[in-house]
Amino acid sequence: MTAAPATDTRRGILMMLGGMTLFTLNDALGKWLVADHPVAMLLAVRSLFGLAVLAPMIWREGIATVFAVDRLPLHILRVLLMTVDVACFYWAVGYLPLADVMTIYMSAPLIVTALSVLVLRENVGWRRWVAVLVGFVGVVIVLNPTGRFDLWPSLVALVGAFIFSSGVISTRVLRSASSLTLVGNQMVGGLLIGGVTLPWTWEAPGWLGFILLGLLGVTALAGHAMMNRSLQLSPAAVVVPFQYVSILWAVILDLAVWGTAPTARMGVGAALIIGSGLFIVYREQRLKRGVAGEGVAEVP
């Protein structure tokens, strides 16, 4: 395997840091806006602004080229999954601290590992299964079922993380499709699904709300673009761990905007989830390189 140049690796890390910063800003905007606007309206307007940004690229590539896809039912399923995932996230952050919801969502690599066995028939060894179990202990700690437990928002966030992970699996299956096709379909799906409810949910925003709704779409698209570019520039094992910076940003935004300090249980749970996720990334990359320990074939 050819090593990535040092300059590209640094650029890749910076791109991932920038992308996750934008994603966290997008999530904070969603938490702010969902207090005054229905989730379906946020989905529709976010997708509309996203499509406006994508329009020149779609026009350049050709509408037929971008949206004429093979395996249409699977594309539709992926769009539904990703749209419901966003709706779950926005609904959950309306009731829970941003950092708590972000931490629950960071369990996605653990869920993807489990689903890879069930859906993709991938081989996952005992080390990664142990990491998955440790990570889910972290999720339970964050949910805090024996203390003050906001049942429905917490469950919605956990269901959202599961749906997001299912969307990741479907994206793996559709990896031959272009990024523009995947993102464009996602924006169209969000606009259609959210738009159906607009006659009943529309609430005219003020000028500030209109700007923030626009930023909601733009930051999400820019975050996707930076994250994809990061993975093009640098090995996944190098840049993926920097995704966890989003929890730090979420804690800072919770403190600065909503005056919510992180709890000890959130810190412990986050440490277990992040540690498990990093170990899974490490194991996957080690196995891809075909590294064996002590001269014998390595168990996944």
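Predicted model: local features only at pLDDT ≥ 70, side-chain atom pairs only at ≥ 80, totals over all residues.
In which crossing, left-handed or right-handed, does helix 4 pass helix 8?

1. Helix 4 passes helix 8 in a left-handed crossing. The two elements, residues 72–93 and residues 151–173, pack at an angle of about 155°, and their axes are 8 Å apart. Since angles over 145 degrees count as roughly antiparallel, helix 4 and helix 8 are therefore roughly antiparallel to each other.

2. As to the composition of this packing, the contact of helix 4 with helix 8 has 15 nonpolar residues, together with five polar and two charged ones.

3. The loop between helix 3 (63–67) and helix 4 contains Arg71. The backbone of Arg71 deserves a remark: its phi is near 55°, a positive value in a residue other than glycine. Most residues other than glycine have a negative phi.

4. Six aromatic pairs are found in a search of the whole structure. One of the pairs joins Phe89 and Tyr105, with ring centres 5.0 Å apart and planes at 75°, so the arrangement is edge-to-face; the angle exceeds the cut-off, since planes over 60 degrees apart count as edge-to-face. Phe89 belongs to helix 4 and Tyr105 to helix 5 (residues 98–105), so this pair ties together parts that are 16 residues apart in sequence.

5. Are Phe89 and Tyr105 buried or exposed? Both Phe89 and Tyr105 are buried. Phe89 and Tyr105 also belong, with Tyr90, to one aromatic cluster.

6. Another aromatic pair is formed by Phe279 and Tyr282, whose ring centres are 6.3 Å apart and whose planes stand at 45°, so the pair is tilted. Phe279 and Tyr282 both lie in helix 14 (residues 264–288). Their spacing is three residues, about one turn of the helix.

7. Phe279 has 30% relative accessibility and so counts as partly exposed. Tyr282 is likewise partly exposed, with a relative accessible area of 40%. Phe89 and Tyr105, by contrast, are both buried.

8. A further contact to an aromatic ring involves a lysine. Lys31 lies over the face of Trp258, at 5.2 Å from the ring centre.

Definitions and conventions
Residues numbered from 1 in each chain as written. Heavy atoms only, no water. Axes fitted to C-alpha atoms, helices over the stretch in contact; angles between N-to-C directions. Helix = DSSP H or I, 4+ residues; strand = E, 2+ residues; numbered from the N terminus. Parallel < 35°, antiparallel > 145°, perpendicular 65-115°, else oblique. Left-handed = near helix turned anticlockwise from the far one by under 90°. Nonpolar A, V, L, I, M, F, W, Y, C, P; charged D, E, K, R; others polar. Phe/Tyr/Trp six-rings, centres within 6.5 Å; stacked < 30°, edge-to-face > 60°. Buried < 20%, exposed > 50% of the residue type's maximum accessible area, 1.4 Å probe, protein only. Lys NZ or Arg CZ within 6 Å of the ring centre and 35° of its normal.
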